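These are my notebook entries on one structure.

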Amino acid sequence: RFEVRIIKSESTERVEDTSKAMEAFVVSGGFLGCREGCRVVGRTAGRSAKMSMDCSRREMLRLSGVLGLGLVAPNAASAKVNVDIDRYGDKEMKVSTINRLKQNLRTALGDNPLLLPAFIMLPVLDALSYDNSTTGGGLDGAFSYEIGNSDNAVLVDAYETINGYRKRSKEEVSTADYFAFAGAVASEVVGGPRIVIQIGREDAQQKDPSGIYKTLSASSGYQAFRDALNRSGRDGARDAVVFHTAIQTLARIGEKRNEELLARAVDEDDPDGESVFKEKGDLTYGAVGGTSQPAGARKRRGAVLVDSQISNLQIAGSKFDSSYLKEVLNAQKKNPDSLSQFDKDMLADPTSAGWVAKYASNSKAFIKDFANGYEALSLAGSRFEQAKIRDD
C-alpha cells in the first residue's frame with residue numbers, strides 16, 4: 001500500500017482540480033486503465049490532496065502521468081524527461097537489462113562499425129531539445145519523430161538498428177534509454193571513457209513541441225549546433241568542439257575498420273571471419289558492485305554500476321583521442337580549402353578556436369570534457385519521482 005500526497009502548490013486551483021480528479025477515481029471504485037490491480041482505499045480533503053491505495057510503485061507513476069494527477073512539485077512541472085528509477089525492476093533485474101542492452105549495442109557495432117558516429121549523434125541531438133530557460137525537453141526519444149527528415153538521413157540505419165533491438169527486447173527498454181546507452185557504448189568500444197548512464201527514461205509520445213528541430217539536425221552547421229548547446233545551458237563553443245571531435249573520431253575508426261573487414265578474405269573454415277573486437281573471457285558486462293567504476297562517477301538514485309572489463313570490449317586498432325584536431329590545425333596552415341565548412345566556421349569563432357588549440361595538445365582534457373559533457377547532457381531535463389510514496 002502506498003500513500004500519495006500532492007505536494008502543496010501556490011496555485012489553489014491546481015490543488016482543487018487535483019482533489020476533484022482524485023474524488024472521481026474514488027467514486028468509480030478504482031483507476032481506469034490500471035494494469036496491475038490498483039485499488040483506492042481512502043481519500044482525505046484539505047489544503048493539500050491526499051489519497052491512499054493498493055498499487056505497485058511503477059503503476060502509480062505511470063497512472064499519475066496518464067491521468068494528470070499533478071504529482072509533481074511546481075518547479076518541476078515543465079521538465080519533460082520522466083525517469084522511473086524502478087522501471088526495470090529490482091537491482092538484479094536492472095543489471096540484467098543493462099547487460100543485454102549494452103550487448104545488443106555492441107553487437108550492432110560489431111556487425112556494422114560505420115554506425116559508430118551515429119550512435120553519438122542520436123542521443124546528442126535528442127538531448128539538445130532541452131531548453132535551460134524553460135527546463136523543458138531533454139533526452140526522451142522525441143528525436144525518433146525526426147528521423148524521416150531528409151537532413152537526418154545519415155542516422156536512419158543507426159535508428160532502425162536500435163529500434164529493431166528495442167522492439168525485440170522483452171524488458172521493453174525505452175528508445176530514450178537505448179539512445180543514451182548507444183553513445184556510452186560507442187565510446188567504450190573504441191577505447192574512450194566509460195560514461196555513467198541513468199536508466200529508466202520514459203519515452204515522449206509526440207514530437208518535441210519547441211521547434212528546435214526546424215534548425216537542428218544531423219546536417220546542421222557549426223553555428224546551429226553551438227546555439228543549440230548554449231540553449232541547453234552548456235558552453236556551446238567548447239562542447240561544439242568536443243562533440244564534433246568525438247563524432248569525427250568515431251567516423252574515422254568506423255570507416256577504417258569497415259575497410260579492413262571488406263578487404264579481409266573470409267576463411268572457408270571460419271565463415272564468420274575475424275572478430276571485430278579484441279576480447280577474451282566473458283562477453284557480458286559483469287556483475288554488480290565491481291571496482292572498475294569510472295573516475296569521478298557519481299551514483300544516481302536507483303542507478304546500478306556494472307563492472308566491465310573494458311579492455312576486453314574494444315574494437316581492435318581503435319584509439320579515442322584528439323588527433324583529429326591536430327589534423328584540422330595542420331590543414332588550416334597548409335591546405336585550408338580541404339577543411340569542411342563546419343571546421344572552417346569552428347576555427348573562425350575565436351572562442352572555439354581556443355578550445356581546438358587546447359584539446360589538440362591535450363587529449364586527456366578532451367576525453368574528460370567529452371565524458372562529463374555527454375553525461376550532463378544525457379541528464380538535462382530529467383525529472384525523477386516527485387510523488388511522495390511511502391511503503392506501509
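Entry 1, an aspartate in a loop. I looked up D208 in this predicted model and found D208 in the loop between α6 (175–189) and α7 (222–231). Is D208 buried or exposed? Its relative accessible area is 9%, and because the cut-off for buried is under 20%, I recorded D208 as buried. I then searched for a partner of its side chain and noted a polar contact of 2.4 Å between the side chains of D208 and S210.

I turned to T135, which lies in the loop between α4 (116–127) and α5 (156–168). Its phi is near 60 degrees, a positive value in a residue other than glycine. I also checked the accessibility of T135 and read 27%. Buried requires under 20% and exposed over 50%, so T135 counts as partly exposed.

I examined how helix α9 (residues 323–334) packs against helix α11 (residues 350–360): the two axes come within 8 Å and cross at roughly 120 degrees. Because 65 to 115 degrees counts as roughly perpendicular and over 145 as roughly antiparallel, α9 is oblique to α11. I noted the crossing of α9 and α11 as left-handed. Which residues make the contact? On the α9 side I listed L325, K326 and L329, and on the α11 side V356, A357, Y359 and A360. By class, the residues of this contact of α9 with α11 comprise six nonpolar, no polar and one charged.

Entry 4, helices α11 and α12. I followed α11 to its contact with helix α12 (residues 363–379), where the axes come within 6 Å and cross at roughly 115 degrees. From α11, the residues W355, K358 and Y359 meet S363, A365, F366 and D369 of α12. I sorted the residues of the contact of α11 with α12 into four nonpolar, one polar and two charged.

I recorded 12 helices and eight strands. The chain has 392 residues, and buried residues make up 51% of them.

Technical notes. Residues numbered from 1 in each chain as written. Predicted model: local features only at pLDDT ≥ 70, side-chain atom pairs only at ≥ 80, totals over all residues. Heavy atoms only, no water. Helix = DSSP H or I, 4+ residues; strand = E, 2+ residues; numbered from the N terminus. Buried < 20%, exposed > 50% of the residue type's maximum accessible area, 1.4 Å probe, protein only. Polar contact = N/O pair within 3.5 Å; in protein donor to acceptor, adjacent residues only side chain to side chain. Axes fitted to C-alpha atoms, helices over the stretch in contact; angles between N-to-C directions. Parallel < 35°, antiparallel > 145°, perpendicular 65-115°, else oblique. Left-handed = near helix turned anticlockwise from the far one by under 90°. Contact = heavy atoms within 4.5 Å. Nonpolar A, V, L, I, M, F, W, Y, C, P; charged D, E, K, R; others polar.
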